[in-house]
Amino acid sequence: MDYSSCSQLLVLAILVLFTLAQNIINAASNGVFNVIDFGAMADGIRDNTCNWNTYSTVLVPPGKYLVTSVVFKGPCKAPISFQLQGLILAPPGLSKLADKESWITFESLRSFTLTGGGTFHGQGRTAWPENQCHKNSNCQLPISIRFNKLNDSTITGVQSVDSKFFHINILGCYNLKLNKINISAPDDSPNTDGIHIGRSNGIEISNSIIATGDDCVSLGDGSQNVLVSDVSCGPGHGISVGSLGKYKKEEDVVGLTVINCTFTGTSNGVRIKTWPDSEDGKASNFTFEDLFMNNVENPIVIDQEYCPHNQCNIKVPSRVKISNVRFRNIRGTSLTKEAVRIVCSKEIPCQNVEIGDINLVYNGIDDKGPAISSCSNVKPTLVGKQIPATCV
């Protein structure tokens, strides 16, 4: 990236408590705060007034902005809209971010809106050669955008490009809607999950395009009542629940609907995964419906022996109970012959699994013949047509 070409280059070295100092508030009588009007702020704004009593807007106009780690934190007295019309760039590499785990954070806000059609660019290509998180689970890399403790808020019409780690992380949020989100990174970019959700309730993701190097959408522990609809996923690792059961005191995952989505060239379609030799836990009430698989490697997966890099004791069954799972009207092509794979725990078999109207055709080159399924420790209810024949 040639920064000399930036039409508007502001190095916002800010640790902001999503507040505006009183002199800025007094200057913006119409409730619109244009970052251009206030220039670069070497030490940032540390006043915690957030005192605007009516609806206000923070405007980032068209242009390019180099931004180091920033936290926009409430609570505020009135709703705030953050309108991003420009391109916000993270510093290249990993050495120049003050916070090694976060880049842009929005926290403790109610009735917050992020919109404007602009772009967060993580400049991940400058950091991926240094990214060893697939080998070291204790590494620290910055998530591009964090939404922490947002209530009754909306994110719409923004883009995230080439994150260094996860694109978007949602934690402790309630009634948060994400619409028309565009996420992109190469298919070989490491650990670039599109949207990860944890310990949140009432999250909706709709009308979005996610193309990245890891899960398009993933649910961690404590996720409840999540809706994913009209999403295009691919490349990437599909839409996943988990992995669950690795850590103590994980919260149950209850309620996920994935409907009317398309998966193209992904390594998985829809997947539930738990660790063997796990902590106790529950995962229930999942519906995967009206999905199209376009040359997906593993379209339908429940894997309770998830053990990447052999970092677990696969001989000890998972103790996460999976129940009330429905796979309905899933069609398309599979690049692996095993189009349906349901591997449940020997100790706590899956309960109330329904598989209905599946039509997945093998489209790979390594073998001949139709697609197949494999099932263990589950007795599913079969409804309608089954291509391939499932669990027989």
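Residues are numbered from 1 along each chain as its sequence is written, and side-chain values use heavy atoms, without hydrogens and water. In this predicted model, local features need pLDDT of at least 70 and side-chain atom pairs count only at pLDDT 80 or more, while totals for chains, interfaces and linings use all residues.

Q: Which residue forms a salt bridge with aspartate 221?
A: A salt bridge is a side-chain nitrogen of Lys or Arg within 4 Å of a carboxyl oxygen of Asp or Glu. For aspartate 221 the N to O distance is 2.9 Å. The residue that meets aspartate 221 is arginine 199.

Q: How many residues apart in sequence are the parts tied together by aspartate 221 and arginine 199?
A: Strands are DSSP runs of E with at least two residues, numbered from the N terminus. Aspartate 221 lies in the loop between strand 17 (217-219) and strand 18 (224-233), and arginine 199 in the loop between strand 15 (195-198) and strand 16 (201-211). The pair therefore ties together parts whose separation in sequence is 22 residues.

Q: Is aspartate 303 buried or exposed?
A: Buried means under 20% relative accessible area, exposed over 50%, and partly exposed in between (1.4 Å probe, protein chains only). Aspartate 303 forms a salt bridge with arginine 341, the closest N and O atoms being 3.8 Å apart. Arginine 341 counts as partly exposed at 26% relative accessibility. Because its relative accessible area is 12%, aspartate 303 is buried.

Q: Which cysteine is joined to cysteine 216 by a disulfide?
A: A disulfide is a pair of cysteine sulfur atoms within 2.5 Å. Cysteine 216, buried at 0% relative accessibility, takes part in such a link with an S to S distance of 2.1 Å. The partner lies in strand 18, so the pair ties together parts that are 17 residues apart in sequence. That partner is cysteine 233.

Q: Is the link of cysteine 375 and cysteine 391 right-handed or left-handed?
A: A disulfide joins cysteine 375 to cysteine 391, with an S to S distance of 1.9 Å. Cysteine 375 lies in strand 27 (residues 372-376) and cysteine 391 in the segment after strand 28 (381-387). With -75° about the S-S bond, the link of cysteine 375 and cysteine 391 is left-handed.

Q: What is the distance from cysteine 261 to the nearest cysteine sulfur?
A: Cysteine 261 is buried, with a relative accessible area of 2%. Cysteine 261 is in no disulfide. The nearest cysteine sulfur belongs to cysteine 233, at a distance of 8.3 Å.

Definitions and conventions. Helices (H or I, at least four residues) and strands (E, at least two) are DSSP runs, numbered from the N terminus.
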